[in-house]
Amino acid sequence: MTSATLSPQQLRALLDILVHHETYSEVQTFKHPDAIEQYGYPFQQAESGGKGGKSSSPLLQLLFTRLVLPIPGVRDLPSEFWTTKFRSIMRRFGEAELSESYDKGTLGSRKRLASAASVIHEGVTRGLLSGIPNNKLPNLQEKYDIHKAEDLARAWDDIVQHLVYGDLLDELFDHFTKTPNLEGHSPAVEAAVNFAIIYIATFLHHLFVFSAEGPYLLKLIDNVHSLIPYTVIGQTLRVGNAGTMINGMVKLFLAKLSIGAVSNWLGLTQNATDGMNLMQRIISLVLEWDTGDFRKAIEGIKRSKDKPNESHLATIDEHIQASRQQHESIRELSIKHEKSIIVAILETKDKCLVESLTNSHHTQCLEYYSAQLAIRDREKITEVLCRQTPDLTTSIIRDGVSVFEPMIRAIHKNVDLRKHIGSVESFLTDLIATSKPKKRDGGQTQGGTTPPSIEDYVTLLNRNRQLAYDYLHDFAKGCPDLRTTWLDWAKDSLKFFRQKPKATKTAGSTATENGNRNLHGAGDMDEQLQNLFVKLTDENKKSVKAAIDAHARYLSTLEDMSWTRIQGIIDGVDELEDKKTGGSMSGPGVYIKRWHCLLDETIVTPDTPKGPPRRGKHVKSVKALGKTEAIAKSEAWDPDALTRQEEQAWPEAPDVSIVVDSLGPQFKGLVADISSEGLPTCI
């Protein structure tokens, strides 16, 4: 007979499953314009007092209201900023109906970045729900060997304990007033910084190297970087009067001068198109350059000797302009009848079109459709951010500058911002250079070069971390009032991660041993999750518990692999400096694998006229047509080879759909109750 309760290890695995699924489910809803309307506070008008209304995105609301809204400056924004301006621009993006990965046949940049943000979000939210275990505060002055992975992990856990339950935050703020040497605080802080750098480097490596979109994203960053007028910004910051400086920066980036702007100002017209400011011009130029590459790809298809029939391409163009309802209907038809999206589009128009479709034409039609969708996406984004009236983008930026103006004045008066703007410029230049292929002995050579390694990004962060320390030191030393303001916010935020006092603790609920985190319970969520589980039928309990056990073993395996890989990277950094190896292509992090799980589960149209839908794991290394042409061959590598090796190393994620189906809705309701506590009632 199945036990009626779950062990601490099972509770921890259950919380991981439910938070992982619910977070990304909420993120996906924002492709529809109604998502922001059902979000609740702060995007709906509120009445003071009473218990807050339930949100359709409770996990997103939980993090946003607990950690983001109280940020100094953000908390001073008027309610109309959220209920009118931000809400409206989010609705505009939903109405734009940006393309789906299923239709494009690839995993685009938005999918990759949204899933990465979702995994980071779920990690923070899981901490808010479960809390950090309240163990005995360790001695941060003990010896931590920065060349041992287990010591780095132990240092990180110790630092988190002191941040949440001790006075470490006060000590760090005071420390920065005296010196820019963060590691000088204690051996534990030094080891924890090194631990964090390895994880950040792994994320950058996966974003720019492992991802097929990496070189393309880097190109976008490079284009924006080249358009930012750093010299003009630096000269503006030299102005002694803070008010004059702020006005100068606002005029530089936000001022418009056009016939429409003048006629609106004179009252001759209302909401006439008033052109773009410099910020919007940068956005539109980057996206227009991008669009040009896709147009070239389309022209290449049209000039091909074995090109598809004009009727095929015309039908695709007509479908792109159709309504959201028709797009969704044809997509569902494609999935249900196991045919490609192209066949579904053509059959809906005229079944005779499919009869003349060869396999070669089908492939070109898929590429044509993908490129046209990419062009439409960029035009819609430009329209939302730069061309619609009223201009919400500029209004939002102006409101942001207005509430942060007192801080900007204080920082401008006491901190040399020119130096730190130069630091940002040099870091981005270094990041772009680091992300290029290397000529180096050893490693995974492709065309005489090796892709950047994780050790390259570790070295990048080590080279540049002092730039961040210098700014924090100048800020803490020169702006004592602001330092106190931000310290108070940080301390209040960390209180949300404290576990509620309990009369008794579950045996084995929290422990660390030899630098590894043993599986523990769900903290403050133990009782609620137990209650959800015990309400299941006996038959359902058995299936759910089996899936939870499989997921617990999966998490344990991922964590063990992470510690091994951290040690390999630590060893590899020294070897890289000696030019002995090409570096590691595999990094640590359960969150990295969870990120890839979201990508792997994405449904994608089949690449043949007939056949079942593919999964994201089959196309992760495929770039969309147009993005391939945009990247020089000398600046790219074969992500497919890297992906295959990485996929073989990681264990296969278990199927936990039974857990999500059985407990997902109840968990969402539970989180909605938690998230709404203390929030004003929405009208």
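Ring pairs join Phe 30, Tyr 39, Phe 43, Phe 64, Phe 81, Trp 82 and Phe 86 into a cluster. The model is a predicted one. In total, the structure holds 17 aromatic pairs. One of them is Tyr 39 with Phe 43: the ring centres lie 4.9 Å apart and the planes meet at 75°, so this pair is edge-to-face. Tyr 39 is buried, at 4% relative accessibility. Phe 43 is buried too, with a relative accessible area of 4%. A further pair in the structure is Phe 81 with Trp 82. Here the centres are 4.8 Å apart and the planes stand at 85°, over the 60 degrees that edge-to-face requires, so the pair is edge-to-face. Phe 81 has 6% relative accessibility and counts as buried. Trp 82 has 9% and also counts as buried.

Now the chain as a whole. It has 29 helices and 6 strands. Of its 683 residues, 51% are buried. Take the contacts between residues at least 6 apart in sequence: 79% of them join residues at least 24 apart.

Turn next to how helices pack. Two packed helices are described by the angle between their axes and the distance between the axes. Helix α10 spans residues 230-237, and helix α20 spans residues 417-434. Their axes are 9 Å apart, at an angle of about 165°. Angles over 145 degrees count as roughly antiparallel, and α10 and α20 are therefore roughly antiparallel to each other. Their crossing is right-handed. On the α10 side, the contact is made by Tyr 230, Ile 233, Gly 234 and Leu 237. On the α20 side, Leu 417, Arg 418, Ile 421, Glu 425 and Leu 428 take part. Sorted by class, this contact of α10 with α20 has 6 nonpolar, 1 polar and 2 charged residues.

Another pair is helix α11 (residues 242-254) with helix α19 (residues 392-414). The axes come within 10 Å and cross at roughly 150°. α11 and α19 are therefore roughly antiparallel to each other. The crossing of α11 with α19 is right-handed. From α11, the contact uses Ala 242, Gly 243, Met 245, Ile 246, Val 250 and Leu 254. From α19, it uses Thr 394, Ile 397, Arg 398, Val 401, Glu 405, Ile 408, Arg 409 and His 412. By class, the contact of α11 with α19 has 8 nonpolar, 3 polar and 3 charged residues.

Gln 280 sits in helix α13 (residues 278-303). Its relative accessibility is 0%, so Gln 280 counts as buried.

Asp 377 belongs to helix α18 (residues 359-387). With a relative accessible area of 3%, Asp 377 is buried. Not counting residues up to four places away in sequence, Asp 377 touches Leu 98, Ser 99, Lys 104 and Arg 110. The C-alpha atoms of Asp 377 and Ala 96 are separated by 8.1 Å. Along the chain, Asp 377 and Ala 96 are 281 residues apart.

Finally, the backbone. Most residues other than glycine have a negative phi, and most peptide bonds are trans. Some sites here depart from that pattern. The peptide bond from Tyr 41 to Pro 42 is cis, with omega near 5°. Pro 42 lies in the loop between α1 (8-28) and β1 (46-47). The bond from Thr 389 to Pro 390 is also cis, with omega near 0°. Pro 390 is placed in the loop between α18 and α19.

Positive phi values occur at glutamates. Glu 97 is not a glycine, yet its phi is positive, near 50°. Glu 97 lies in the loop between α3 (79-96) and α4 (101-104). At 13% relative accessibility, Glu 97 counts as buried. Glu 338 likewise has a positive phi, of about 50°. Glu 338 is in the loop between α15 (324-336) and α16 (341-349). With a relative accessible area of 41%, Glu 338 is partly exposed.

Technical notes:
Residues are numbered from 1 along each chain as its sequence is written. This is a predicted model: local features need pLDDT of at least 70, side-chain atom pairs count only at pLDDT 80 or more; totals for chains, interfaces and linings use all residues. Side-chain values use heavy atoms; hydrogens and water are left out. Axes are lines fitted to C-alpha atoms, for helices over the stretch in contact, and angles run from 0 to 180 degrees between N-to-C directions. Helices (H or I, at least four residues) and strands (E, at least two) are DSSP runs, numbered from the N terminus. Angles under 35 degrees count as roughly parallel, over 145 as roughly antiparallel, 65 to 115 as roughly perpendicular and the rest as oblique. A crossing is left-handed if the near helix is turned anticlockwise from the far one by less than a right angle, and right-handed if clockwise. Contact means heavy atoms within 4.5 Å. Ala, Val, Leu, Ile, Met, Phe, Trp, Tyr, Cys and Pro count as nonpolar, Asp, Glu, Lys and Arg as charged, and the others, Gly among them, as polar. Buried means under 20% relative accessible area, exposed over 50%, partly exposed in between (1.4 Å probe, protein chains only). Rings of Phe, Tyr and Trp (its six-membered ring) pair if their centres lie within 6.5 Å; planes under 30 degrees apart count as stacked, over 60 as edge-to-face and the rest as tilted.
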